[in-house]
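These are my notebook entries on a single protein model. I set down what I looked up, in the order in which I looked it up.

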Amino acid sequence: MAALRGLLARPLASYYLLISSAGLLLVIGLTMVFSATSVKNFAEEGSAFVDLSQQAIFAVIGVVAFWACQRLPASTYRSVARTALGVAVALLLLLNLLVALNSLFEIERVGPLEAKLLWLVVGGVQLQPSELAKFALVLWGADLLARKGARLGWWKELATPLFPVVALLFVLVGFNDLGSMLCMLALVVGLLWAAGVRTRVFAVLSVVGLIGIGLLVAAASLGAGSGAKGEENYRLARLTIFFNPPEPEKCFEGWCYQLVQGRNAIEHGGWFGVGLGKSSFKFGWLPEAHNDFIFAVFAEELGVVGCVVLITLFAVLGYTGLRIARRVEDPFRRLAAAGATTWLVGQAIINIGGVIGLLPLTGVPLPFISDGGSALVVTLAAVGMLASFARAEPDAARALHARPPARWVRLVWAPLPPLPGRRRRPAPPPADRGSVPRSRARREDDQAASRGARQGRARGGAASERRR
């Protein structure tokens, strides 16, 4: 423990913990995407590397995004916060409009634009606007709360404009993707917690959040998400199965089939797994094995030991993010680091908890691990922002400036962060001058003369003495 404390006390410990945990998760994710999709790709496409090659391309783009975000100062993030939020809201509105046109009038495409439930397809390139909305909410929310400062104790300051914008994002995202909305809810809770908001605010938000989630669950009967009007409410069915699970022998179809098959895959893996690439449930038995339920394939192939390693890496990532939030001096960096950390770790908890049965199924991907290009790129960009904040810690900045790297290293990797400002000593309080100026202050020694009659001289002395 002493050696561990010594390692954590080093100036750049946060930075190296962050890039090591994120890098290992990225490598594990690429490996599991290949393992979960190779059989299906070989049977349908004739090549086992179709999905892996696509995910590797997005991983390269994500690494470039990580490198770019690592080089940006906090002022740049604050300046682009409103623009990023506006772009995210515009994309979400466009996606929902296209989904509504397809549902009401069966219009599948408007020019080069096409909507596939959660994905917006633009000229053959598809992206998920909800992932961009998460990152934009981190930047905008951190900038807003940092500017408000101590005024957050008033309800009026929280209500304008934070709550209306958050409510709009929740409706635009949660109508089609309830799981991503829950991740954004965890993100907002992390921001408010780091800002030091009072406990009563969280209580009120919990009540309002439960009411909103109930309304979004009911909206699935009207066609929200993958639901359809007149059919069974799939969101309500998932909640019912979670609170009252049926017998596994009766789950050969319906909403409980995926959950039971995921648990069977985990049970088949045992303590040490069946071996990497040797999963049998990925042969069409487990729906969404490459995305939402990739943790079940991971547990089957690598067992409990592998699951412990994976969860430990997410725990290290969460600890590092909160450590960065605690050590940086800038309020914006502190709030953004806390928001991004609760977003990533909260999404991992929601996914893993749904697969193993501790939480209801929501359909969110596992960060770094699940197949998905938009999620991977945005996640690596968020990690790059955290890396920039880690290098801006006071001790880390001083250590980097004490021995600056070569110029080509700074051009390839990242520039030096700014040195923390020196704390000015508080000015001494002004002297109590009273009602008399300093130049006319009374003397306190024995030679001070009184303004009244002086000693040794009478006011009514002789006339000759008065003349002198």
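**Entry 1**

The model is a predicted one. I began with the strands: four of them make up an open sheet, ordered β1-β2-β3-β4, and their pairing is antiparallel. I then identified the edge strands as β1 (109-110) and β4 (125-127), each of which pairs on one side only.

I looked next at how β3 meets β4. Strand β3, residues 119-122, pairs with β4 in the antiparallel sense, and I recorded three bridges between the two. Leucine 120 has leucine 127 of β4 opposite it.

Which helix lies across the strands? I found α5 (residues 81-105) lying across β1, β2 (113-116), β3 and β4. Relative to β2, helix α5 runs at about 80°.

**Entry 2: the protein as a whole**

I counted the secondary structure of the protein as 18 helices and four strands. The protein has 468 residues, of which 43% count as buried.

**Entry 3: a nonpolar patch**

Which residues form a nonpolar patch on the surface? I listed Val60, Val64, Trp67, Trp408, Leu411, Val412 and Trp413, which together have about 740 Å² of accessible area. The elements giving two or more residues to this patch are α3 (50-71) and α17 (407-412).

I took valine 64 for a further check and placed it in helix α3. Is valine 64 buried, partly exposed or exposed? Its relative accessibility is 48%, so I classed valine 64 as partly exposed, since that class lies between under 20% for buried and over 50% for exposed.

**Entry 4: glycine 149**

Glycine 149 counts as partly exposed because its relative accessibility is 35%.

How far apart are glycine 149 and alanine 195 in sequence and in space? I recorded a separation of 46 residues in sequence, and 8.1 Å in space from C-alpha to C-alpha.

Conventions
Residues numbered from 1 in each chain as written. Predicted model: local features only at pLDDT ≥ 70, side-chain atom pairs only at ≥ 80, totals over all residues. Heavy atoms only, no water. Buried < 20%, exposed > 50% of the residue type's maximum accessible area, 1.4 Å probe, protein only. Patch = residues over 30% accessible without salt bridge, like charges linked within 9 Å, V, L, I, M, F, W, Y side chains within 5 Å. Areas by Shrake-Rupley, 256 points an atom, 1.4 Å probe, with all protein chains shown as cover. Salt bridge = Lys/Arg side-chain N within 4 Å of Asp/Glu carboxyl O. Pairing = 2+ DSSP bridges. Contact = heavy atoms within 4.5 Å. Axes fitted to C-alpha atoms, helices over the stretch in contact; angles between N-to-C directions.
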